[in-house]
Amino acid sequence: MKANSTSNMDRHAPLVKTNGLCVRFPLKKESPFSKRRYVNAVSNVSIEIFKGEAFALVGESGCGKTTLADATLGFVAPTAGEVFFNGEKLDIRNKKRLRQQRRSMQKIFQDPASSMNPRFTVARAVAEPLMIRMELDEKLILSKAAEAVESVGLSAGDLDRLVSEFSGGQQQRIAIARALVSGAEYIVCDEPVSALDVSVHAQILNLLMDIRRERGLTYLFISHNLASVRKFADRLAIMYLGRIVEYGDAEKVFANPMHPYTRMLIDSVLSLDGGKIASASQLQTGAVDADASIPDAPFDGGCLLRNRCPLKKKECESIECRLEPVDDEHFTACPYYKTR
Amino acid sequence: MSVFSIKNLKVAFPTPRGIVRAVEGIDLSIGAGECLALVGESGCGKSVTSLAALKLLDTSSCIVRTDEHLLLDEDISKMSEREMEGIRGRKASMIFQDALSALNPVMSVGKQLDEVFMLHFGLKRREAKARSIEALRSVGIEDPEARYKAFPHELSGGMRQRVLIAMAFASNPALIIADEPTTALDVTVQKQVLALLSKLQAENGTALLLISHDLSVVCSMADRIAVMYSGRIVECAETWELISNPLHPYTKGLMDAVVRLDEPKGRFTQIPGSLPDPVNKPKGCCFFPRCAHASNKCGEAMPRLENAGNAHFVRCCMSGGAYEG
């Protein structure tokens, strides 16, 4: 899936690339003699994240977004397929090399209150990656921590305070400082604002945007808020039950969503002037009804969305959904996009 | 006629750093079948208000004062804890944000639902079970007989929230307080749960007090909206009136913070600054330090909550109001 250059990012150099990536987790056996079953958290995903772009991964909880992101960081081993970072394959068994590669990667978690030790001082929380990875002297570590803390809008005087003394938004700033301190170029932002108040979202997202521009970072931005994704991301992938159903240039996908699931997600965005929720009809037509969960049975063919899809056809029971190009920067897995 | 009304509610918590005045004089009144929403940032006192409404605050650690506190024309301000137990879950109930911690993890959801019917209606377990299964069906849970036996961890987030809603509506109370009922949920599930809540509320004519920090959630549910800031109501009006004609700068800021789907790529609009320290609140208007339109006078005196026409109340002098005292 080669795309042509339109914006400032380098379209020829994917920083992260997955090739037919599959990750599955074993389920607990019901009895010692039954056959082991698996959850296919990520199945056959091939994406490219280019240097300097903000790539968004969108989907409901349980669709495998976090597993896919963790696979690009070498946190989980692929069952099949491969992950490349900077052109080099991530080999989860080569611990030494993986540790070196991980110096250029970081992750920002959803809930800052539970991803940092509340009894650490800000200095210790931020400097932790430096202390673990590199043999630097204490002075240099502290000055780097101070620099990182200032770059996220806190003051160096805050370094001696405890993490738990700060508000949620400020704690997320500290988490961002921790991700920046070691000079990582690839940062996974796993729902960085969903644990925060709506009024704080803008501050954190603007901060992430500014930092990316200043430092030329690459983001994998995980979110289920489509309105924010549209403002934030250059390209995106919509994920449903472990598969990518729509992929490509963010503006093109929003201007012309091709997959019914993408449209469902767009429809579920609440607006201020949308009026009261249509109570009865919403439930009965049930376009997006029932919570989705990844089937543990082996894939039996057919479109996975078919039970929730408002445009379902008979053929959907048996078709094989592959990403097909709408144009050279927009791909969809619904074969019926042309007929609509 | 209002189902629930509270006048001049004040809540203060003594702390080692000083007194935290979480709520400083709030009036609320909700009619039958009406949905009133309370919006504001975390720390503005909205959850404390919701707990005080059902007298759920621990009075050994805080001071609660009201001029009037009525539920169905009964004065509940003087009621004992024992009398309140007869009210909660029967005449007024609550839906909490985090369903996983609101439910008992070692008891099946059906058994927990049974308790509502056994406690409040004195039913036997078998009769209660039939009612519980009916209640699960009414909140759109498929195969309720099987789900009756499920434990909370075996259900998805949306399903758990539905169970809580079933529980709240089980005794057909006059008032339901929903404290951030969808914050922990995905956008797709959020819309379903809100639609369900709205449907049940309309069918039963329940008065609903909805608490949220997200104005877009509130707009899809509420008849009237009260915007809260630093322990006070700064603006209150009917939903459409408030959205089409916001008068307080804080309300405008909250509206801008909701990202619209048709916004192009670029920076997000943000409200500068953060809530004032509850121990050292600024003199004068509490929004003064963050306000772009403030005059010097705003830093000295608190504006009054005044009617700007169309039952639209606002606490801001720059939109034509007067100062207190």
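This text walks through the interface of chain A and chain B, then turns to one residue of chain B. The model is predicted, so local features need pLDDT of at least 70 and side-chain atom pairs count only at pLDDT 80 or more, while totals for chains, interfaces and linings use all residues. Residues are numbered from 1 along each chain as its sequence is written, chains are lettered from A in the order in which they are written, and side-chain values use heavy atoms, without hydrogens and water.

Start with the interface. Here 41 residues of chain A are in contact with 50 residues of chain B (contact means heavy atoms within 4.5 Å). The buried area is about 4300 Å², and carbon and sulfur atoms give 56% of it. Buried area is the accessible area (1.4 Å probe) that two parts lose on being put together, summed over both. In chain A, Lys231(A), Leu270(A) and Leu272(A) lose the most area to chain B, together 19% of what that side buries.

Now the charged pairs. Four salt bridges are counted between the two chains. A salt bridge is a side-chain nitrogen of Lys or Arg within 4 Å of a carboxyl oxygen of Asp or Glu. One joins Arg260(B) to Asp273(A), with the closest N and O atoms 3.6 Å apart.

Next, turn to Leu175(B). It lies in strand β8 (residues 175-179) of chain B; strands are DSSP runs (E, at least two residues), numbered from the N terminus. Leu175(B) counts as buried because its relative accessibility is 1%, and buried means under 20% relative accessible area (1.4 Å probe, protein chains only). Leu175(B) touches residues including Val3(B), Phe4(B) and Leu71(B). Leu71(B) is 104 residues away along the chain, yet the two C-alpha atoms are separated by 8.4 Å.

Notes: Helices (H or I, at least four residues) and strands (E, at least two) are DSSP runs, numbered from the N terminus. Buried means under 20% relative accessible area, exposed over 50%, partly exposed in between (1.4 Å probe, protein chains only). Lists of a residue's contacts leave out its neighbours within four places in sequence.
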